[in-house]
Amino acid sequence: MKTIAELTEQMIVFSNGNLHDITHFITVWTYAKTIGELEELKPDTQYLLEASAIVHDIACPLCREKYGHADGKLQEKEGPALVRAFLADSGMTEAQKERIAYLVGHHHTLSGIEGDDYQILIEADYLTNASEQGYSAANIEHFRNTIIKTESGKKLAAALFRLS
């Protein structure tokens, strides 16, 4: 099975020099890895979380080309098939590949979150987007109080955005 480092290298190559996309997924992966380890996920779940964080925006280039933008719902629509192709030679089981495809296909869906990997991916992506896009303090506070469920995610949000 490919390591997270090997998947990261593969995704950097796939990103074809788009530094914004690369920096974004690296930051999401860093937050996801940190939260997952602090929440003491089982190793298999941690691996799936980290792999999902690396590939979560795999559909962005296609969406920008096909639709002119990379709206989250379009990423969810286009991402799973791209993930399956990307992971075809990863050595992962079909169940692992399907879980990652599911997470990529839902990483902008904030309802019906099932599983620690899903929850933490949502949290890590939000923290990154809030920083990149300059979300308001009120927006971040609301997200922390309503969507973030992990103690580590709440602590990171408070520290990153100086929330009380």
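The model is predicted: local features need pLDDT of at least 70, side-chain atom pairs count only at pLDDT 80 or more, and totals for chains, interfaces and linings use all residues. Residues are numbered from 1 along each chain as its sequence is written, and side-chain values use heavy atoms, with hydrogens and water left out.

**Aromatic pairs**

- The whole structure holds 4 aromatic pairs (ring centres within 6.5 Å; planes under 30 degrees apart are stacked, over 60 edge-to-face, the rest tilted).
- Among them, Phe 14 and Phe 86 pair edge-to-face, at 5.8 Å centre to centre and 85 degrees between the planes.
- Phe 14 lies in helix H1 (residues 4-14) and Phe 86 in helix H5 (residues 72-86), so this pair ties together parts that are 72 residues apart in sequence.
- Phe 86 is buried, with a relative accessible area of 7%, whereas Phe 14 is partly exposed at 37%; buried means under 20%, exposed over 50% and partly exposed in between (1.4 Å probe, protein chains only).
- Tyr 126 and Phe 143 form a stacked pair, 3.5 Å centre to centre with 5 degrees between the planes.
- Tyr 126 belongs to helix H7 (residues 116-133) and Phe 143 to helix H8 (residues 137-146), so the pair links parts 17 residues apart in sequence.
- Tyr 126, Tyr 135 and Phe 143 make up one aromatic cluster.

- Glu 40 sits in the loop between helix H2 (19-38) and helix H3 (43-55); helices are DSSP runs (H or I) of at least four residues.
- Glu 40 is exposed, with a relative accessible area of 69%.

Conventions. Helices (H or I, at least four residues) and strands (E, at least two) are DSSP runs, numbered from the N terminus. Rings of Phe, Tyr and Trp (its six-membered ring) pair if their centres lie within 6.5 Å; planes under 30 degrees apart count as stacked, over 60 as edge-to-face and the rest as tilted.
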